[in-house]
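User: Hi! I have a model open on my screen and would like to talk through how its parts pack together. Could you take me through it?

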Amino acid sequence: MKESEIRKKFREYFISFGHQWCDSIPLVPPGDDSILFTTAGMVQFKDEFLSSSGRVKRAASIQKCFRTSDIEEVGKTARHLTFFEMYGNFSFGDYFKEEAIKFGWDFLISELALDQDKLFATVYKDDDEAFEIWKKYLPEEKIVRLGEKDNFWNMGETGPCGPCSEILYDFGKSFGCGRSDCSPGCDCDRYLEVWNLVFTQYDRKQDGTLTSLPRKNIDTGMGLERLSQVINGLDNVFQTEMLKPLVDKAFEDSAGCSEKSARIIADHARAVTFLIADGVKPSNEGRGYVLRKLIRRASREGRKSGWKKPMLWEYSSLAADIMGHYYKVLNERANHIASVLRSEEENFLQTLDRASSKLQEHIKKLAGLGEKVLSGKDAFLLYDTYGLPPDITENILDERGLEMDRKGFDEMLQESARRSSWKQSEDSLPYLKDLKGLEPTLFTGYGECSSEASVVKILNGGKAIVTDRTPMYAEAGGQTGDRGIISGKNGSFTVNDTLKSSDVTVHVGEMEGEFNEGEKVKISVDKKVRKATQRNHTCTHILQAALRDVLGDDVQQDGSMVRPEGFRFDFTCSRELAADEKDRIERKVNSIIMENYPVSAEEMTRKDAEKKGALAFFQEKYGEKVRTIIIKKSGSENISMELCGGTHVKNTGTIGLFKLVSEKGIAAGIRRIEGLTGDGALDYVSNMQQTLNEAAGELKSPPEEIVYSIGRLKKEIDELKDRINSLEQKLISGATESEKEDINGVQFSVKDFGNASEGVMRAWADSMVSSPSSAALALGTAEESIKMIFKLSADIAGKLDASSILKKAAEASGGNAGGRKDMARGGASGGSDSLKKSLKIVKEEIKKITG
C-alpha cells in the first residue's frame, strides 16, 4: 500500500466520523518558544487541551514531527527516526476510551487489513477500564499491563496526565532479542509500537496526588513510517518508500557505505531538509544547534563512506522529490535548502580535515598511556581552537572504544562563556509572571488611535500597565510596539513600548503621579510614530512582491523588523544581488508607491486566504480566522496579498518614497535589505546630496562630473605611486660597500633612510642579509623620533638575537623594540643624537657576543 493511499484512507475515515481535519503546522511551533520543535500531533492543540474553549470537539491530522531524543539511536535500530509523520485523532471533552480504542482497532483492521493475530495491546497496570474495553477485540493473553514508565503520560511534574494504551505489531521471534522473557514492552525490534492512545483524565497536584479532570481528552499518535513497514511486511522503516531511495543512493554513491551510515544519512538528510524549509538556520544554540549537529553527523558518515566533496544537498533534493507532492514548501524553498546545506557542509568538512589530525594525536597519546578517556580539557581545546564539535569527537572516540570526559568538557565550556538561554528569563521581564489569570486585552487600534479604557493591573513598581482594551499595537510579527500616553485622573504614563504575552497587552514606560486598578483612563497613540511604522510595514509587503518579481517566486520572507525609523527585511537568496537588480527592485517598489494603490484588510479563514494566493510567514502563529493585507492593482489583480496582523497605510502613495540603503548576506542562503520610507528616505537622500556637493567642492568639480574627477584623480595618484616606487627602488639599491663593516666576522651594514617608508627599510635590510654572517640596521627619522629595523642572516640568528639587541638600543633612547631572533623593529624619541646612540649600542652588542 502506497503512503498516498494510507494518507487518503486515514483522512477520509476520521472525517466520516465527524473529526475536523487540521493541516500540519511547521516543525518550529508558531508562536510557542516553550519547546524547540513540534514533537507530536497534539502540539497544535495545546490551547484545546489546556482550556475549554469548545472551538474544536474532535480533530484529526497528519503532523510532521521532529524529536531530538532519538538522534543517537538512528541507524542502530530498525525503527528509530528523528523526523517522522504522526497520524493522530483527538477529542476535547467529546468521546473517550471506548470510542478511541474502537476507532484505532477498526481503522487498522477494516481499512488497512492488518493481521489481527499479530496485534497486541498494552494498558497501564491500574487501568481496568481500558483492559475491559480491549477484551472486546483481543483475548486477555494479548492485553498486557505495563507500568508508569511505558504506559502513563505526563505533561510535566504537575498538570494534565493520564494512562495510555499502545497497539503493538508482533514481527515474530526472528526479530526478537532471543530472551525467554521477551514480550510486549521489550526494547528489541520484535514488538513494534504502531499506535499510542493517550487518555488524559487526571490532574497531578504538587504533592503527586491525582484528581479527575472535569473534561477528559483523547490524544493519539501513529507513525506513518512504522505503519507502512507493518502494512507492507518490511523488515525496517528504512525500506519504506519514503526512505528507501535515500538509503539506496548512499550505497550507490559509495561502495564502502555501511548499513548504519546509510540509515543515518537517509534520516538526517530528510530531517534537515524539513527543518531548513521551516525556517531553522544553522547556529551554535537552540534549534540551529540541533540542525547543525544533524548536518555534521550525516556529513561525517558520508566522509567515512568515501565522500570526497559535500553531497548532503543532493540527498536533500531527493527527499524533496519524494515528499514534495504533500509538503509544497520543500519545492518552494529548494534553492534555499541546497544553498544552506552546501555552505554548512563545506565549512564543516574543512573543520574536520583541520581537526582530525589533532584528535588522532590525542588518540595515539591515550594508547601510549594505556588510557581510555580523553580529558575534558583536551576535548575543549579541539572545540575552541580547531572547531571540532564535542558530539563528533565523542562519535570518533566511540568507534575506537574510547570515551570523552563530557562533564569536564561542559565545565570548560561554562568557564569560557555561558551560552544564551533559550527562553527569556522572567528576570528580564519581571512582570510576566504577574499576567497569569488575566483576561485577553481587546485591541482597538485598527480603527482608532485613542480609546477609553480601565486599568486592570499595575506592574513592576509602576513601570508597566495593563488595561482592558487599548489602541496601542503590541510588538508582534516583526513590528515594534506603539508609543504614546495614558492619561488618568491623577497621573500620566508615557508608553515607551507595547508588548504582549498570552494575548495580554502590557504598556511599558514611566509613570508620573499615580494610577489605581479599576480607574478609567484615556490611551492615546503617538500618531507620528504610528504613521512612520505603518509606512515601513506596508513597504515590506511591496518589497517582497518586487523581490519575487525580479528574482523569482522561490524568494520567501525569512524575518523582518519594522520600526518607525526604518525596516530590515530578510529573504531567501543564495547569492549577492547585482547592482542592476537592486536598482530594478527599488524602482519597482517606488512605482507601486507612486500609483497610490489601495491597501485593504480582510478577515477570512486561513484556508481561503491560501487558496487566493496569500503569502504567510511560516514562523508566525495564525488562528482559524486570519487578517489578510491586500494591495490591489485593478479588478481582481493583486500586487500583494499576505497574512498579517500589523498596522498599515490606506494607500501606497502615503509611503512617499522608498530607499534601499543596504543589501547583504546574514547567513547561508539568507540576505537582508535595509530600507527607509517617508521622512527617513527624504532625509537620507538629502544627506547624500549634501555629501555629494561637499565632495564636488573638494574636487572643484560640478556634482554631475564627480565620477570623472575621481577617475582622473585616481590616475594621478597611480602615476605618483609609480614614481615613488621607482625612487624607493633606487634608494634601496643605493647602498655601497663603504657602508659595510666587519665586526668579528659579521658583515654589518647600516643606512639612514631619513623619512622613507618602513617598506623601503625592510626591503633594503632583506637584501643586505642574503649572504651568510650578515647583519643590517635600517634607520629612519621622522620629526622628533627615530625608527629602526634590524635583520640577521639565518646562520647567525641563533647566536645573535635581533630582538634582544634592538630592544637594548631602543631603550637607551627612551624607546622600545620587539620581534624575532632574525628580525626586529623598534622606535625611540629624539633626533640624530638618539640615532647615533642606538647605532653604537647595536655594534657593541654584536662585538660583545661574537668576541
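Analyst: Happy to! One definition before we start: buried means under 20% relative accessible area, exposed over 50%, and partly exposed in between. Please keep in mind that this is a predicted model.

User: With that in hand, which residues of helix H7 are buried, and within what arc do they fall?

Analyst: Helix H7 runs over residues 244-253, and its buried residues are Leu246, Val247, Lys249 and Ala250. The cover over these buried residues includes H8 and helix H10 (312-323). Looking down the axis of H7, the buried residues line one face of the helix, because they fall within an arc of 160 degrees.

User: Now for helix H23: how far apart are its end C-alpha atoms?

Analyst: H23 covers residues 832-850, which makes 19 residues. At 1.5 Å a residue it should span 27 Å, and the model agrees, with the end C-alpha atoms apart by 27 Å.

User: Let's turn to the rings. How many aromatic pairs are there, and is the pair of Phe14 and Phe107 stacked or tilted?

Analyst: Counting rings whose centres lie within 6.5 Å, the model has 38 aromatic pairs. For Phe14 and Phe107 the centres are 6.2 Å apart and the planes meet at 40 degrees. Planes under 30 degrees apart would count as stacked and over 60 as edge-to-face, so this pair is tilted.

User: How many residues apart in sequence are the parts that this pair ties together?

Analyst: Phe14 and Phe107 are both buried, and they belong to one aromatic cluster whose members include Phe10, Trp21, Tyr87 and Trp195. Phe14 lies in helix H1 (residues 3-16) and Phe107 in helix H3 (residues 97-111), so the pair ties together parts whose separation in sequence is 93 residues.

User: At what distance from the ring centre of Phe131 does Arg145 lie?

Analyst: There are charges over rings to look at here, and one of them is Lys751, whose charged end sits over the ring of Phe753, 5.7 Å from its centre. Arg145 lies over the face of Phe131, and its distance from the ring centre is 4.4 Å.

User: Is Cys539 buried or exposed?

Analyst: Cys539 is placed in helix H16 (residues 527-551). Beyond residues up to four places away in sequence, it touches Phe567, Val589, Ile655, Phe658 and Thr677. Its relative accessibility is 0%, so Cys539 counts as buried.

User: And what relative accessible area does Leu692 have?

Analyst: Leu692 is found in helix H19 (residues 678-699), and it touches Pro703 and Ile706. Leu692 is partly exposed, and its relative accessible area is 30%.

User: Finally, some backbone angles: Ala113 has a positive phi, but where is Ala113 found?

Analyst: Its phi is about 60 degrees although Ala113 is not a glycine, and at 62% relative accessibility Ala113 counts as exposed. Lys700 also has a positive phi, near 55 degrees, and sits in the loop between H19 and helix H20 (706-732). As for Ala113, its place is the loop between H3 and strand E4 (119-124).

Methods:
Residues numbered from 1 in each chain as written. Predicted model: local features only at pLDDT ≥ 70, side-chain atom pairs only at ≥ 80, totals over all residues. Heavy atoms only, no water. Helix = DSSP H or I, 4+ residues; strand = E, 2+ residues; numbered from the N terminus. Expected span 1.5 Å × (residues − 1). Phe/Tyr/Trp six-rings, centres within 6.5 Å; stacked < 30°, edge-to-face > 60°. Buried < 20%, exposed > 50% of the residue type's maximum accessible area, 1.4 Å probe, protein only. Lys NZ or Arg CZ within 6 Å of the ring centre and 35° of its normal. Arc of directions from axis to C-beta. Contact = heavy atoms within 4.5 Å.
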